[in-house]
Amino acid sequence: MSSSTSLRPLLHDNYDAIADALAGPGFIILDDAFNAGLTLGLIDVLAERADQLTRAGVGRAGDYQLNDSVRGDAIQWLEPGAAAVTEFLSAMDKLRGALNERLFLGLADYEAHFASYTPGAFYKKHRDAFLGQPGRKVSSVFYLNPDWDLAAGGELVLYDEAGEQELVRIAPECGRLVLFLSEDFPHEVLPARNARQSIAGWFRIKP
Ligand code: OGA
Ligand code: MN
C-alpha cells in the first residue's frame, strides 16, 4: 500500500465492510473515520457556534415538545457552508451512494445536527424510527470529544430489537463514527460527567 493510500480517510476505504456490517449485525463502530483535519475543523465550528444551539425536543410537528426527562441535548441542524461542515456532509453523501449500491436501501438523503450534552444530560432509551414507516433507515453518530475520559460515562448503549438486552456500550471518543439500522436498535445516551459533543445524523428514504 502506498503512503498516500494509507492517508486516505478510513471511511472511504471501508464501504464494503460497512455494508457487510449493516447487512449482518446491523451496526458498526469506526474509529478515526475521517482525517484529523476534518474532525478538528468540525470541533472548531461547533465551538464557534456553541451559543447558537437550541434545546432539542421530542416528537415531530404536531406533538413536538421539550422534555427534560427524555433528552437534555442542545442541537443545530447542519447546512453546507463552513468548509468542515460541507466536507462532512459530502463524505456522508458519498457513503449514502455506496450503501445504496451495495444494499439497495434507496437512501434519498442525509440529515444531521450538532448535539451538545452538558454534564449530567442524557437521552433516554428511544428508537430513531419505527419498523415499516418511511423516514430514517440508518442512524449515524460522530463524536467530537478530544481526550474523552473513559470514566466520565456518556456512553451510547445499543439494545436488542425488543429493547431488553444490552448489546454494546460505546464511549463517545473523538473521531469515532457509529452507524446502525434505525429501526432495529433502541438506544440511549447515558449521562456524562463532562460535556459531550457529537453530530447525530440519519439517512432517510422518501416517504
Ligand atoms: C440521537 C442519539 C446518540 C449519541 O441523537 O438520536 O441517539 O450517542 N444520539 O449521541
Ligand atoms: Mn437516537
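Asp32 counts as exposed, because its relative accessibility is 53% (exposed is over 50% relative accessible area, buried under 20%, partly exposed in between, with a 1.4 Å probe and protein chains only). This is a predicted model, in which local features need pLDDT of at least 70, side-chain atom pairs count only at pLDDT 80 or more, and totals for chains, interfaces and linings use all residues. Residues are numbered from 1 along each chain as its sequence is written, chains are lettered from A and ligands numbered from 1 in the order written, and side-chain values use heavy atoms, without hydrogens and water. The briefing starts with the loops, then turns to the ligand, the metal and selected elements.

**Positive phi in loops**

- Asp32 is not a glycine, yet its phi is positive, at about 50 degrees.
- Asp32 sits in the loop between strand E1 (27-30) and helix H4 (36-48). Helices (H or I, at least four residues) and strands (E, at least two) are DSSP runs numbered from the N terminus.
- Asp147 is another residue other than glycine with a positive phi, near 55 degrees.
- The loop between E6 and strand E7 (156-159) holds Asp147.
- Asp147 counts as exposed because its relative accessibility is 78%.

**Ligand 1: contacts**

- Ligand 1 has 13 residues around it, and His126, Asp128, Tyr143, His187 and Arg196 come nearest. A residue is near a molecule if one of its heavy atoms lies within 4 Å of it.
- Arg196 places a polar side-chain atom 2.7 Å from an oxygen atom of ligand 1.
- For His187, an N or O atom of the side chain is 2.9 Å from an oxygen atom of ligand 1.
- His126 has a polar side-chain atom 3.2 Å from an oxygen atom of ligand 1. A polar contact is a pair of N or O atoms within 3.5 Å; within protein, one must be able to donate a hydrogen and the other to accept it, and residues adjacent in sequence count only if both atoms are side-chain atoms.
- Taken alone, ligand 1 exposes 300 Å², and the protein buries 98% of that. Accessible areas come from the Shrake-Rupley method with a 1.4 Å probe; for residues, only the protein chains shown count as cover.

**Ligand 1: the shell**

- Strands E5 (123-126), E6 (136-143), E10 (187-189) and E11 (196-204) are the elements that each give two or more residues to the shell around ligand 1.
- E11 gives the largest share of that shell, four residues.
- By type, the shell residues are eight nonpolar, three polar and two charged. Nonpolar means Ala, Val, Leu, Ile, Met, Phe, Trp, Tyr, Cys and Pro; charged means Asp, Glu, Lys and Arg; the others, Gly among them, are polar.

**Manganese site (ligand 2)**

- Which protein atoms are donors of the manganese ion? They are His126 (NE2), Asp128 (OD) and His187 (NE2), lying 2.1 to 2.3 Å from the ion.
- Donors are N, O and S atoms within 2.8 Å of the metal (3.2 Å for Na, K and Ca); water is not among the atoms, so sites may look incomplete.
- Along the chain, the donors follow the spacing H-x1-D-x58-H.
- His126 counts as buried because its relative accessibility is 13%.
- Asp128 is also buried, with a relative accessible area of 14%.
- Arg127 lies in the loop between E5 and E6.
- Arg127 counts as partly exposed because its relative accessibility is 31%.
- Arg127 and Val157 are 30 residues apart in sequence, and their C-alpha atoms are 12 Å apart.

**Helix H5**

- Helix H5 (residues 83-103) has 21 residues.
- From first C-alpha to last, H5 reaches 30 Å, close to the 30 Å expected at 1.5 Å a residue. The expected span is 1.5 Å times one less than the number of residues.
- The buried residues of H5 include Phe88, Met92, Arg96 and Asn100.

**Other positions**

- Ser116 is in strand E4 (residues 109-117). Ser116 counts as buried because its relative accessibility is 16%.
- Ser116 and Glu188 are 72 residues apart along the chain, with 15 Å between their C-alpha atoms.
- Arg169 is in strand E8 (residues 166-170). Arg169 is partly exposed, with a relative accessible area of 47%.
- Ser69 is in the loop between strand E2 (54-55) and strand E3 (74-77). Ser69 counts as partly exposed because its relative accessibility is 49%.
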